[in-house]
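Colleague: I am new to this structure. Please pick one part, look at it closely, and then show me what lies around it.

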Amino acid sequence: MAGTMIRKLWNWIKRLAAYDGASLDRPQGGWRPVTGRAPEEIDKPERQLLIDRGRDLERNSDIIVSALGAILRNSIGSQGIIPQAHVIKAGGQEDEKKNDSIEELWREWSRPGNCDIVGCSSFAELQGLVLRRRIVDGEVFIRKIWLKGEKFPLRLQILETDQLDTMVTENAGHKVYQGIEVDEFLKPVAYWFRPDPMDLAKDPVRVDAQEVIHLYDRRRAAQIHGVSELAPIMQRVKDAKEFIDAELMAARIAACFAIFIRKASPGGFVGRMDAGSDGKPVQEIVPGMIQYLGIGEDVVEAKPDHPQATAKEFLSLQQRLAGAGMGTSYEVSSRDMSQVNYSSARQGHLEDRKTFATFQRYMVEHFCRPIWEAFVESIVLAGLLKVSDFYGKRERYVSARWITPGWEWVDPLKEVRASSEAMQIGASTLEEICGAKGLDWQEVLRQRAREQKYAEELGVKLGELPPQELSADEKEE
């Protein structure tokens, strides 16, 4: 009796939760997530399992390959994020001579043999590599290496999270969490890397934090490690892959047409009950197969109804949710535009641009800008850029604008008109409009001037197109 009363009282108390999400009633009673301080939570063995699973999906899942391709294609593109030097003279005008000189040296340094320590990738390709690893592995490290006797002293080494040493736990009074040494504020002061992750006999190398760029998505204040950004959608994508495999297998079985013959054994001899006429068990069905059965054996007809009528809708839903989990629309990750019209496609494209712009801004602030500043310092130290007051006015010389990959207009005619009118009323600038398409507005003007000069030499007049009236269909839209 007492036990019954206690259970009733406990059930009554559980229903008194101020938030439904904190209720402990029967549907949610088993929902008790494990959590903790960010360093310990992120450093659990599951982090490596997430990395391994993410890489497996990166290799074998067409859904992940498509989603990653969409992000990299729109965030980095083929040319990458390009710097535009912005050195200002004392009078406030741009120092065109120094800007051109720095940009020319940058273009030379950005080639694979000059920026990459292993000589395989250009700087634009390194951008795509580090963003890919940040998404799949959850984090990536870029080490700045300074060489002597080279025209360009600066090189970049890309290090994966597997190369962090996990054996060191403390150094000089600092805690070391899975290879990251932090101070009392959990600010990284050094990183411990193994030159060869497979050779544990070699001692790890301690690299000062100032020489390492650590890219990861920080979602908790005390977080010092990244987690694969595919984690929320891994199970869903794996289920979709297994569903497709099961449907294909069932379709293959349904496509097989076989004949089974049962006959009596002469002389009353009874053969093996689990074998066909050849004495071997029947283990698989192949198209057009004729199989003789032994005494007492029979065949139960299997009628697999595959592929299922709802398979397409199911897979579309899975891919839609997977894309949403990565911040992109179904259309951009699947390239399936069959379910949208002009307005919905444009709205979805605008929302996707915000996702890509977020990645671009992150890459500029956390990867491109620190590398640019180190590069400018390296060419000053190497004597390639002649300035006497660099360290006294460092910010002046490392200043730059960044041109991110742009996007083509959905409706070029309408958007050109909108841009032209925005410039006329002062609501936009040529720099902003060109930047939206990934173009350098100054280079656009220079090229325009060259074209006009050449046209004049040929006696050709380049003029503006006359304004055109909107068609009836355009007015309705």
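Modeller: First, a word on naming: helices are DSSP runs of H or I with at least four residues, strands are runs of E with at least two, and both are numbered from the N terminus. The model is a predicted one. By that naming the protein has 16 helices and 12 strands. It has 477 residues, and 36% of them are buried.

Buried means under 20% relative accessible area. Met234 has 8%, so it counts as buried. What does Met234 touch, once residues up to four places away in sequence are set aside? The list is Leu50, Arg53, Gly54, Leu57 and Ser228. Take Leu57 from that list. In sequence, 177 residues separate it from Met234, yet the two C-alpha atoms are 7.8 Å apart in space. Among contacts between residues at least 6 apart in sequence, 65% join residues at least 24 apart.

Now the helix itself. α8 covers residues 234-255, which is 22 residues. At 1.5 Å a residue it should span 32 Å, and the end C-alpha atoms are 32 Å apart, so the two values agree. Its buried residues are Met234, Val237, Ala240, Phe243, Glu247 and Ala250. The cover over these residues includes α3 (46-60), α4 (62-75) and α9 (311-325).

Follow α4 next. This helix has 14 residues. From first C-alpha to last it reaches 20 Å, close to the 20 Å expected at 1.5 Å a residue. α4 is mostly covered, with 10 of its 14 residues buried. Among them are Ile63, Ile64, Leu68, Ile71 and Leu72, along with Asn74 and Ser75. The buried residues of α4 pack against α3, α7 (123-136), α8, α9, α10 (330-334) and α11. After α4 comes Gly77, with a positive phi near 70°.

The largest nonpolar core has 61 residues. Which residues have the most contacts inside it? They are Trp109, Phe123, Ile142, Phe367, Ile371, Trp372 and Phe375. Helix α11 gives the most to this core, with 14 residues. Look at Phe123. Leaving aside neighbours within four places in sequence, Phe123 is in contact with Trp106, Trp109, Ser110, Cys115, Leu156, Phe367, Cys368 and Ile371.

Cys115 has a relative accessible area of 0%, so it is buried. Cys368 is also at 0%, and therefore counts as buried. The structure holds 0 disulfides.

Next, the rings. The whole structure has 15 aromatic pairs. In one of them, Trp109 and Phe375, the centres are 5.4 Å apart and the planes are at 40°, so the pair is tilted. Trp109 is in helix α5 (residues 96-109) and Phe375 in helix α11 (residues 342-381), 266 residues apart, and the pair links distant parts of the chain. Both Trp109 and Phe375 are buried. Another pair is Phe390 and Tyr397: with centres 6.1 Å apart and planes at 35°, it is tilted too. Phe390 is buried at 2% relative accessibility. Tyr397 is buried at 4%. One aromatic cluster brings together Trp106, Trp109, Phe123, Phe367, Trp372, Phe375 and Trp402. A ring can also meet a charge. The charged end of Arg134 sits over the ring of Tyr362, 4.5 Å from its centre.

Last, two loops. Most residues other than glycine have a negative phi. Ala172 is not a glycine, yet its phi is positive, about 50°. It lies in the loop between β4 (170-171) and β5 (174-177). Ala172 counts as exposed because its relative accessibility is 70%. Leu186 has a positive phi as well, near 65°. Leu186 is in the loop between β6 (180-182) and β7 (188-193). At 21% relative accessible area, Leu186 is partly exposed.

Key
Residues are numbered from 1 along each chain as its sequence is written. This is a predicted model: local features need pLDDT of at least 70, side-chain atom pairs count only at pLDDT 80 or more; totals for chains, interfaces and linings use all residues. Side-chain values use heavy atoms; hydrogens and water are left out. The expected span of a helix is 1.5 Å times one less than its number of residues. Buried means under 20% relative accessible area, exposed over 50%, partly exposed in between (1.4 Å probe, protein chains only). Contact means heavy atoms within 4.5 Å. Rings of Phe, Tyr and Trp (its six-membered ring) pair if their centres lie within 6.5 Å; planes under 30 degrees apart count as stacked, over 60 as edge-to-face and the rest as tilted. A charge sits over a ring if NZ of Lys or CZ of Arg is within 6 Å of the ring centre and within 35 degrees of the ring normal. A disulfide is a pair of cysteine sulfur atoms within 2.5 Å. A nonpolar core is a set of buried Ala, Val, Leu, Ile, Met, Phe, Trp, Tyr and Cys residues joined through side-chain atoms within 4.5 Å.
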